[in-house]
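Trainee: May we examine how the helices and aromatic rings of this model are arranged?

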Amino acid sequence: LDIVPRYYGERASIPGTLLITEATAVSLWAAGGKRTPVLETDEQVAAWKRVVDAVHERRRTHPYCIFIS
């Protein structure tokens, strides 16, 4: 979704902000549902890279992703 990088980018507007994203599964099996964020495929990793890039554009903000398995 195009709104996700913008959403996190807007929240990264204050330097030193620590952004904690929603829990993200390491596989579809671990996700337990179709609407759970997953980082398993190259496409999913590329989508999250857009989020991280949007946050890093704001400088001095640190994204943190909680992984579940």
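Mentor: The axes of H1 and H3 come within 8 Å. This is a predicted model, in which local features need pLDDT of at least 70, side-chain atom pairs count only at pLDDT 80 or more, and totals for chains, interfaces and linings use all residues. Residues are numbered from 1 along each chain as its sequence is written, and side-chain values use heavy atoms, without hydrogens and water.

Trainee: At what angle do the axes of H1 and H3 cross?

Mentor: Helices are DSSP runs (H or I, at least four residues), numbered from the N terminus. Axes are lines fitted to C-alpha atoms over the stretch in contact, with angles from 0 to 180 degrees between N-to-C directions. For H1 and H3 the crossing angle is roughly 30°. Angles under 35 degrees count as roughly parallel, so H1 and H3 are roughly parallel.

Trainee: Which aromatic pair joins H1 and H3, and how far apart in sequence are the parts it ties together?

Mentor: Rings of Phe, Tyr and Trp (its six-membered ring) pair if their centres lie within 6.5 Å; planes under 30 degrees apart are stacked, over 60 edge-to-face and the rest tilted. Tyr-8 and Trp-48 form a tilted pair, 6.4 Å centre to centre with 45° between the planes.

Trainee: Is Tyr-8 buried or exposed?

Mentor: Buried means under 20% relative accessible area, exposed over 50%, and partly exposed in between (1.4 Å probe, protein chains only). Tyr-8 has 8% relative accessibility, so Tyr-8 is buried.

Terms used. Helices (H or I, at least four residues) and strands (E, at least two) are DSSP runs, numbered from the N terminus. Angles under 35 degrees count as roughly parallel, over 145 as roughly antiparallel, 65 to 115 as roughly perpendicular and the rest as oblique.
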